[in-house]
Amino acid sequence: MSRSTALNAGLGPAATEDSVAAGPLRRPQWRGPKLRKKTELTILLAPGLILFVGFVLIPIGIAAYYSLFNWSGYGPLNDYIGFKNYSYAFKDPAFIQSIEHTLYLTVASVAIQGPLAIAIALLLNRKFFGRTFLRTVVFAPYVLPPAVTGVMWSLILQPGGFADQVFKAFGLGGLVQLWLANVHVVLFTVFAVLTWQYLGFGIVVLLAGLQGIPTELKQAAAIDGASPWQVTRRITLPLLAPTMRIWGFITVIGSLQVFDVIWILTQGGPAGSSSTISTYMVLEGVDSTDFGFAAAIAVILFAFCFVFALIYQRYALRRDTRGALTRAVG
Amino acid sequence: MRSSRALAAIALAAATATAAAACSSGGGSSSNSSTPAATGSSSPSSAAAAPSVTLTWWNNATNQPLLGVYQNAIKGFEAQHSNIIIKDVPIQNELLQDTKIPLALEGNNPPNIYQQWGGGVLGQQVTSGKVDNITADVASWIGGISGAAGWQANGQQYGVPIDLHVVGFWYRKDIFKHVGITVPTTLTQLESDDTKLRAAGYAPIAVGSKDRWPDAFWWEYFALRDCPQSTVVSAIKSESFSASCFATASTALAAFLKTNPFQTGFLGTSSQQGAGSSAGMVASGKAAMELQGDWDPSVMEGVSTNKNLSSELGWFPFPQTPGSAGSQTAVLGGGDGFSCTGTPQQAQACAEFLQYLDSPSVQAQIVGPGASGEPVVTSESSAITLPATQTAAAYFKTAAYEELYFDTALPTKPGQNLDTAIANYFSNPNSSTAAAIANSPSTP
């Protein structure tokens with residue numbers, strides 16, 4: 001590559017040092033490449049940026065503004081109440097309960113769905129007859145719209161319904177519960193349905209991660225005398241860690257915002273025993289038309305997600321995204 | 001290479017412009033997109049006559065027979081009013097009530113005629129400044145309309161009812177006969193009937209507690225039986241149920257709940273969705289009765305294949321509780337009505353259309369075969385075809401008074417708070433949840 005070509009291509013420090021070293025012979029630099037780069041960036045980023053600003057940043061700002069008013073959705077925003085909506089929220093036992101339920105679902109999703117997904121992914125990563133079919137089967141629930149899942153399980157879980165009949169058929173009739181009507185059981189039921197729906201997603205993501213692990217490493221370990229368990233523990237799982245961290249991030253954010261399946265199954269009931277922050281927000285905003293208050297709940301939910309995302313990025317994902325989403329660090 | 005980049009840039013710019021254009025037109029609903037009509041401007045074809053007015057009409061008649069009744073009403077009205085055009089926009093009920101109407105009233109182009117259910121919710125809508133005061137437009141005929149006072153706010157008429165509803169027990173006559181019980185007139189008799197029905201393998205009463213508002217019907221009826229009318233009216237007006245008779249009603253309800261009158265797992269049952277709903281359970285004969293509004297038969301028909309259902313259904317009022325301080329014949333109910341928005345010219349045209357809907361011939365269709373509810377023109381009660389609904393309508397005429405569903409009589413937030421508190425009480429009736437009912441409307 002000639003010097004002029006390197007300059008035209010805008011090749012970094014070396015080209016720049018050459019130009020500086022030229023001293024008195026330096027000619028006005030042609031700004032073409034920079035201009036073209038800026039133009040390309042503008043054209044490529046503008047649509048996404050406009051949509052992001054218009055449909056994400058501005059609505060967040062509007063919600064934060066609305067949350068400072070007592071506003072039913074009718075008439076002008078003229079009853080400014082400062083941060084009272086926020087203080088009302090944290091004084092409301094129903095809201096505190098919804099936060100507890102949301103945290104329970106989040107922790108349970110990571111703690112239970114995670115190991116399950118890893119175990120099944122490891123199993124489905126082996127070669128055996130019917131593997132493709134099984135992979136399709138485990139992923140199928142994730143493809144279903146949450147609304148369909150909600151309706152389907154609400155039918156299955158009716159008293160005397162399909163679930164009860166299956167329990168009885170296996171001699172487990174004593175375990176039958178009022179799955180959606182018992183205030184002490186319903187949250188576990190909801191978690192089971194959510195696991196049914198979203199486990200396949202985790203499995204497929206982890207399977208993709210497993211595909212990226214070089215088989216040579218496993219073979220070398222095996223030749224060195226490592227047992228299958230040692231290969232899994234010392235080779236596979238550490239190399240799968242970046243995928244697990246991404247899955248964990250998606251799962252936690254999804255769990256914090258979970259709404260649709262629960263809304264159809266229980267509407268957060270009975271007596272708020274399966275409520276989440278999102279169901280509480282919809283009840284207050286849409287059903288009660290207390291939009292100022294619901295906006296405050298939305299901002300609180302956003303804050304939870306945002307703080308988690310920042311912490312997770314800083315302490316968990318940083319090693320995976322170093323140099324890509326973050327500045328290169330030494 | 002350069003030309004392909006240029007093309008890509010043009011395509012992106014076009015896509016961005018399209019997105020921006022889509023955003024900018026997002027405020028109004030599709031039904032209101034016919035701006036010239038919606039704003040009441042003249043159409044060329046009627047230049048010689050009075051300026052033409054087109055009114056958009058949002059209603060929940062998405063299914064037959066009401067859909068056909070409304071469309072026929074439009075044809076009949078337009079034949080009599082050549083300068084008024086009505087555009088029918090049926091919208092699913094919950095979407096209409098909870099989302100579309102509040103957003104439309106906050107926007108700049110609300111529908112000219114929209115459905116609402118009166119009471120405190122209407123009063124709240126009036127604060128938007130968009131709802132027309134049609135007191136003068138309807139003054140000449142509103143006196144003959146039953147229940148019209150429920151569509152007033154601040155003493156002014158902001159809407160007009162087109163039918164009325166009454167809440168009572170819809171029961172399976174064949175099951176009652178099979179078990180050998182009769183229609184109860186007192187709460188004690190109802191409890192006795194429940195015991196016999198359960199012994200015969202039926203769920204005595206179905207309730208859709210998942211939706212919360214069916215629970216509220218129960219507490220509100222106990223309140224009507226235990227509280228004088230003046231106390232009920234005062235409580236709704238002051239948004240406080242702290243009077244002692246409401247605590248008495250809660251206690252009576254708790255005692256009734258202890259008799260295990262409902263289906264297994266009632267806290268997770270919906271009221272109207274599918275065969276597993278409370279309406280579906282009565283329709284399929286798994287439950288013997290349900291406390292519901294007079295729309296219940298049409299809901300049952302929608303979730304059941306039982307072709308004999310209409311002849312098997314009966315109706316009786318909420319039982320009396322002798323010795324209680326409230327009225328023993330008061331009924332809980334409500335109705336469907338419409339309000340107007342737009343220019344004075346549009347408001348006048350809207351009022352004329354509402355008058356047409358309340359005319360005897362249209363009223364007969366609104367409550368006719370397959371429909372539900374009672375007419376606002378009492379002379380048309382004979383148009384009701386379902387025997388059970390006829391019984392309800394006959395009782396309605398003799399009732400001491402009708403009280404609007406509390407969650408509708410109250411503004412939206414207090415009403416929803418009340419429903420939630422009552423649903424919580426159903427789940428766990430104790431002194432704490434009873435106190436929550438009393439204080440619920442004023443909960444921030």
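Guide: In this predicted model, where local features need pLDDT of at least 70, side-chain atom pairs count only at pLDDT 80 or more, and totals for chains, interfaces and linings use all residues, helix H10 (residues 215-223) of chain A packs against helix H11 (residues 228-256) of chain A at an angle of about 140°, with their axes 10 Å apart. Residues are numbered from 1 along each chain as its sequence is written, and chains are lettered from A in the order in which they are written.

Visitor: Why are H10(A) and H11(A) called oblique to each other?

Guide: Angles run from 0 to 180 degrees between N-to-C directions of lines fitted to C-alpha atoms, for helices over the stretch in contact. Under 35 degrees counts as roughly parallel, over 145 as roughly antiparallel, 65 to 115 as roughly perpendicular and the rest as oblique; the angle here is about 140°, and the pair is therefore oblique.

Visitor: What makes the contact between H10(A) and H11(A)?

Guide: Leu217(A), Lys218(A), Ala221(A) and Ala222(A) of H10(A) meet Val231(A), Arg234(A) and Ile235(A) of H11(A), where contact requires C-beta atoms, placed from the backbone, to lie within 7 Å. By class, this contact has five nonpolar, no polar and two charged residues; Ala, Val, Leu, Ile, Met, Phe, Trp, Tyr, Cys and Pro count as nonpolar, Asp, Glu, Lys and Arg as charged, and the others, Gly among them, as polar.

Visitor: Which domains does the assignment give for chain B?

Guide: The domain assignment, which is automatic or from a database, gives domain 1 (37-164 + 334-390) and domain 2 (167-333 + 394-442) of chain B, and their C-alpha centres lie 29 Å apart. Their contact takes 19 residues from domain 1 of chain B and 21 residues from domain 2 of chain B.

How values were computed. Contact = placed C-beta atoms within 7 Å. Helix = DSSP H or I, 4+ residues; strand = E, 2+ residues; numbered from the N terminus.
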